[in-house]
Amino acid sequence: MYIPKRYEEDDPEEIIRLIQTYSFATLISGQPPRPVATHLPLEWDLKEDGQARLLGHVARPNPQARAFDGQQVLLAIFHGPHAYVSSSWYDHPNVPTWNYQAVHVYGVATRLSEAETAASLEKLVSRYEADRPEGVSWQGFPDRVKGMARGVIAFEMSVDRIEAKSKLSQNRQQADYEHIIKLLAEGDEQERAVAEAMKKRHATLFTSDS
């Protein structure tokens, strides 16, 4: 990922937050004759030794499963919030642009055992059912439903390299920066999320004269 220095995201807490908040990712492998991509939820997880990994699963017929060999390097892309920034929002003529956050994780993947697959699926269900008033649990599923796990291949992906980018108008003057925040805060969910990310950086970008 091309990351100019001013847009480089180097805060570990913010990177993990983006991965966990925007967990529906794109997993890419370079299998011939062309790259293969799968859209799937990926879970950030720490092993007993503290090593970070990503947990996920694909349908058994998915050809990308052949890349879970512990050798091929895969790329997981987490798409954070994004929003269009109009040229009319500046106090001078300028080009429009797009503000966004994104995280790229590189690593190799290996298949999980049957027991590890069940544990991975249980973790996934628990997370997304946690705040639901009538949430279900993996353990509460009948055996017939649990048996459907045989139709997937679960994997763990090592976290060998992370690239993260927060392109949030860091190149703008304070007045423009604050005006962009104001207008994004009046928009949809994505735009409001970008506005919040910009607000968190305000103090580090600008110093007050008061």
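Predicted model: local features only at pLDDT ≥ 70, side-chain atom pairs only at ≥ 80, totals over all residues.

1. The chain has five helices and eight strands, and, read from the N terminus, its elements follow the order α-β-β-β-β-β-β-α-α-β-β-α-α. Along the principal axes, the C-alpha atoms fill a box of roughly 65 × 45 × 30 Å.

2. The packing of two helices deserves a look. Helix α4, residues 174-184, and helix α5, residues 189-205, pack at an angle of about 150°, and their axes are 8 Å apart. Because angles over 145 degrees count as roughly antiparallel, α4 is described as roughly antiparallel to α5. The crossing of α4 and α5 is left-handed.

3. As for the residues behind this packing, α4 contributes Gln174, Tyr177, Glu178, Ile180, Ile181 and Leu184, which meet Glu191, Arg192, Val194, Ala195, Met198, Lys199, Arg201, His202 and Leu205 in α5. By class, the residues of the contact of α4 with α5 divide into eight nonpolar, two polar and five charged.

4. Turning to open spaces, the largest pocket has a volume of about 280 Å³. It is lined by 16 residues, of which Ser113, Glu114, Thr117, Ala149 and Arg150 are the closest to its centre. At least two lining residues each come from α2, from α3 (143-146) and from β7 (152-158). The lining of the largest pocket divides into seven nonpolar, three polar and six charged residues.

5. For the second largest pocket the volume is about 190 Å³. Of its 13 lining residues, Glu8, Glu9, Asp10, Gln170 and Arg201 are the closest to the centre, and Arg201 is also among the α5 residues in the contact with α4. Helix α5 gives the most to the lining of the second largest pocket, with four residues. The classes in that lining are two nonpolar, three polar and eight charged residues.

6. How many cavities of 30 Å³ or more does a search of the whole structure find? The search finds one, and about 40 Å³ of space lies in the largest cavity. The lining of the largest cavity is made up of Pro41, Glu43, Leu55, Gly56, His57, Ser120 and Leu124, and the elements that give two or more residues to this lining are β4 (52-59) and α2 (114-129). The largest share, three residues, comes from β4. Sorted by class, the lining of the largest cavity holds three nonpolar residues, three polar residues and one charged residue.

7. The peptide bond from Pro32 to Pro33 is cis, with omega near 5°, and Pro33 lies in the loop that runs between β1 (24-29) and β2 (36-41). Ser169, a residue other than glycine, has a positive phi, near 60°, and Ser169 is found in the loop between β8 (161-167) and α4.

Key: Residues numbered from 1 in each chain as written. Heavy atoms only, no water. 1 Å grid on protein atoms, 1.4 Å probe; cavity = no way out; pocket = protein on both sides within 12 Å on 5 of 7 lines; lining within 4 Å. Points joined across faces, edges and corners; volume = space filled by probe spheres on them. Nonpolar A, V, L, I, M, F, W, Y, C, P; charged D, E, K, R; others polar. Axes fitted to C-alpha atoms, helices over the stretch in contact; angles between N-to-C directions. Parallel < 35°, antiparallel > 145°, perpendicular 65-115°, else oblique. Left-handed = near helix turned anticlockwise from the far one by under 90°. Contact = heavy atoms within 4.5 Å.
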